[in-house]
Amino acid sequence: MTMSNIVLLLLVLAPLRMAAASSDCIPGGQHMEASFACSMMWLSKPQQDLCVRIMIWGGIDMSVSHKEDQTGYVTLAAWFAVESFEVTRIAARNQLSHNTSLSGQERHAYEGCMKDYALAGRSITRVANEMLPSCRFTHLSYEYNHALNSIVSCMNRLSALTQVNTPLYPMVLADQDKAVLAYHLATLIGVV
């Protein structure tokens, strides 16, 4: 299976997994419009735009009259991060496997990023696949922070590469934005 087929499969299946996983966890929990959830005052304009793209990706009706449980939005953002992390991990693996021009320093950084992404992926998958669907919010903040810290660790490794323009860096930077957004959206359910 080619890289583009894997990415396409991940992007097609993720909204389906999210839809099956979302649940109404908060007794008497509030329902709100996705556009309102994405326009929270603590989100920057780029984060708001990313939030809207995530909602559309997940098949959320963005009309003002449509309201959903906040946990669904939080779960969708977590799944979006899961899928994005996996795409970046695959890109790093492919660079290590197929790019024979990588220097020893680049190889070392990419190998470190593979480890960082394994940790980040486990944490954000635990959030999306286990904690949110089962309404287990204890340690949710820890898992989000663990994922984000692992992404930042990879960013630091790549930043240390002097005079090297790595194609992985923009992907990692985008993953950091997705992890931060997922964390911010989790404040909607008051658990972080």
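Buried means under 20% relative accessible area, exposed means over 50%, and partly exposed lies in between (1.4 Å probe, protein chains only). By this cut-off, 46% of the 192 residues of the protein chain are buried. The model is predicted: local features need pLDDT of at least 70, side-chain atom pairs count only at pLDDT 80 or more, and totals for chains, interfaces and linings use all residues. Residues are numbered from 1 along each chain as its sequence is written, and side-chain values use heavy atoms, with hydrogens and water left out.

**View 1. Overall fold of the protein chain.** The chain holds seven helices and two strands, where helices (H or I, at least four residues) and strands (E, at least two) are DSSP runs numbered from the N terminus. Their order along the sequence is α-β-α-α-β-α-α-α-α. Among contacts with a separation of 6 or more, 73% join residues 24 or more positions apart; a contact means heavy atoms within 4.5 Å.

**View 2. The largest nonpolar core.** A nonpolar core is a set of buried Ala, Val, Leu, Ile, Met, Phe, Trp, Tyr and Cys residues joined through side-chain atoms within 4.5 Å. The largest one has 56 residues, and M55, F85, L132, Y144 and L158 have the most contacts inside it. Two or more residues each come from α2 (34-38), α3, α4, α5 (104-131), α6 and α7. Helix α4 gives the largest share, 13 residues.

**View 3. The aromatic pair W57 and F80****.** Rings of Phe, Tyr and Trp (its six-membered ring) pair if their centres lie within 6.5 Å; planes under 30 degrees apart count as stacked, over 60 as edge-to-face and the rest as tilted. In the pair shown, the ring centres of W57 and F80 are 4.7 Å apart and the planes stand at 80°, so the pair is edge-to-face. W57 belongs to helix α3 (residues 45-57) and F80 to helix α4 (residues 70-98), 23 residues apart, and the pair links these distant parts of the chain. F80 is buried, at a relative accessible area of 13%.

**View 4. The aromatic pair Y144 and Y183****.** This pair is edge-to-face, with 5.9 Å from centre to centre and 85° between the planes. Because Y144 lies in helix α6 (residues 140-159) and Y183 in helix α7 (residues 168-186), the pair ties together parts 39 residues apart in sequence. Y144 is buried, with a relative accessible area of 2%, whereas Y183 is partly exposed, at 25%.
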